[in-house]
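Let's go through this one together, feature by feature. Bring your questions, and we'll take each idea in general before turning to the case in hand.

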Amino acid sequence: QVQLVESGGGLVQAGGSLRLSCAASGRTFSLYAVGWFRQAPGKEREFVGAIGWSGDTEYADSVKGRFAIGRDNTKEIVYLQMNVLEAEDTAVYYCAVRRRIGRTQGDFDSWGQGTQVTVSS
């Protein structure tokens, strides 16, 4: 069982940057693909992006070109670098382990507790 803990959230002005971290503990982390989701108030949790065990990445259209995901398997951490932040990026951000191909919540499990990102306009 893998446990994930997100960190790095906070308050930032529009146009600014933040880097979130997803730290893993438990079984061999390097074998897992990890995804990032976010949930804004009153909205459903939505896919942000994911990184495979080999480092291949994919992103939602809404963040493509602004967000980047990386991983350091030696430290068992996955990062979400967020640039040119917009007010619409305000949400709680979660990381999770990918169990099958797909971009829905059901394709992921072992969710972290989330970290709040607030972008002021």
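**Strands, rings and a sulfur link**

A: Let's start with a pair of strands: strand 7 and strand 8 run antiparallel and are joined by six bridges. Keep in mind throughout that this is a predicted model.

Q: How do I read a pairing like that, and which residue is the bridge partner of Gly70 in strand 8?

A: The general idea: strands of a sheet pair through backbone hydrogen bonds, either parallel or antiparallel. Here, Gly70 has Tyr79 as its bridge partner in strand 8.

Q: In what order do the strands of the open sheet come?

A: The order is 1-3-8-7, four strands with antiparallel pairing. Strand 1 (2–7) and strand 7 are the edge strands, each pairing on one side only. On average, neighbouring strands of this sheet are turned by 20 degrees against each other, ignoring direction.

Q: Where is Ser110 found, and is it buried or exposed?

A: Look in the loop between strand 10 (108–109) and strand 11 (115–120) for Ser110. Ser110 has a relative accessibility of 12%, so it counts as buried. Ser110 also has a positive phi of about 55 degrees, although it is not a glycine.

Q: Now strand 4. Which strands does it pair with, and over how many bridges?

A: Strand 4 pairs with strand 9 over seven bridges, in the antiparallel sense. Strand 4 also pairs with strand 5, antiparallel again, over five bridges.

Q: How many residues lie between strand 4 and strand 5?

A: Six residues, and the two strands form a hairpin. In the turn, Gly42 has a positive phi of about 75 degrees.

Q: How many residues of strand 4 are buried?

A: Six of the seven residues in strand 4 (residues 33–39) are buried, which leaves the strand mostly covered.

Q: On to sulfur. How many disulfides does the count come to?

A: In general, a disulfide is a covalent bond between the sulfur atoms of two cysteines. The count here comes to one. That link is formed by Cys22 and Cys95, with sulfur atoms 2.1 Å apart. The link of Cys22 and Cys95 is right-handed, with 80 degrees about the S-S bond.

Q: Why does the pair tie together parts of the chain that are apart in sequence?

A: Because Cys22 lies in strand 3 (residues 18–26) while Cys95 lies in strand 9 (residues 91–98), the parts that the pair ties together are 73 residues apart in sequence. Cys22 counts as buried, at 0% relative accessibility. Cys95 is buried as well, with a relative accessible area of 0%.

Q: And the aromatic rings: how many aromatic pairs are there?

A: The count comes to six aromatic pairs. One of them, Phe47 with Phe108, is tilted: 6.4 Å centre to centre, with 40 degrees between the planes. This pair links distant parts of the chain, Phe47 in strand 5 (residues 46–51) and Phe108 in strand 10, 61 residues apart. Phe47 and Phe108 are both buried.

Another pair, Tyr94 and Trp111, is edge-to-face, 6.4 Å centre to centre with 80 degrees between the planes. Tyr94 lies in strand 9 and Trp111 in the loop between strand 10 and strand 11, so this pair ties together parts 17 residues apart in sequence.

Q: Which residues form the aromatic cluster?

A: Phe37, Phe47, Tyr94, Phe108 and Trp111 form one aromatic cluster.

Q: Where does the charged end of Arg45 sit?

A: The charged end of Arg45 sits over the ring of Tyr94, 3.7 Å from the ring's centre. Arg45 also lies over the face of Trp111, 4.9 Å from that ring centre.

Notes. Residues are numbered from 1 along each chain as its sequence is written. This is a predicted model: local features need pLDDT of at least 70, side-chain atom pairs count only at pLDDT 80 or more; totals for chains, interfaces and linings use all residues. Side-chain values use heavy atoms; hydrogens and water are left out. Buried means under 20% relative accessible area, exposed over 50%, partly exposed in between (1.4 Å probe, protein chains only). Two strands pair if DSSP finds at least two bridges between them. Axes are lines fitted to C-alpha atoms, for helices over the stretch in contact, and angles run from 0 to 180 degrees between N-to-C directions. A disulfide is a pair of cysteine sulfur atoms within 2.5 Å. Rings of Phe, Tyr and Trp (its six-membered ring) pair if their centres lie within 6.5 Å; planes under 30 degrees apart count as stacked, over 60 as edge-to-face and the rest as tilted. A charge sits over a ring if NZ of Lys or CZ of Arg is within 6 Å of the ring centre and within 35 degrees of the ring normal.
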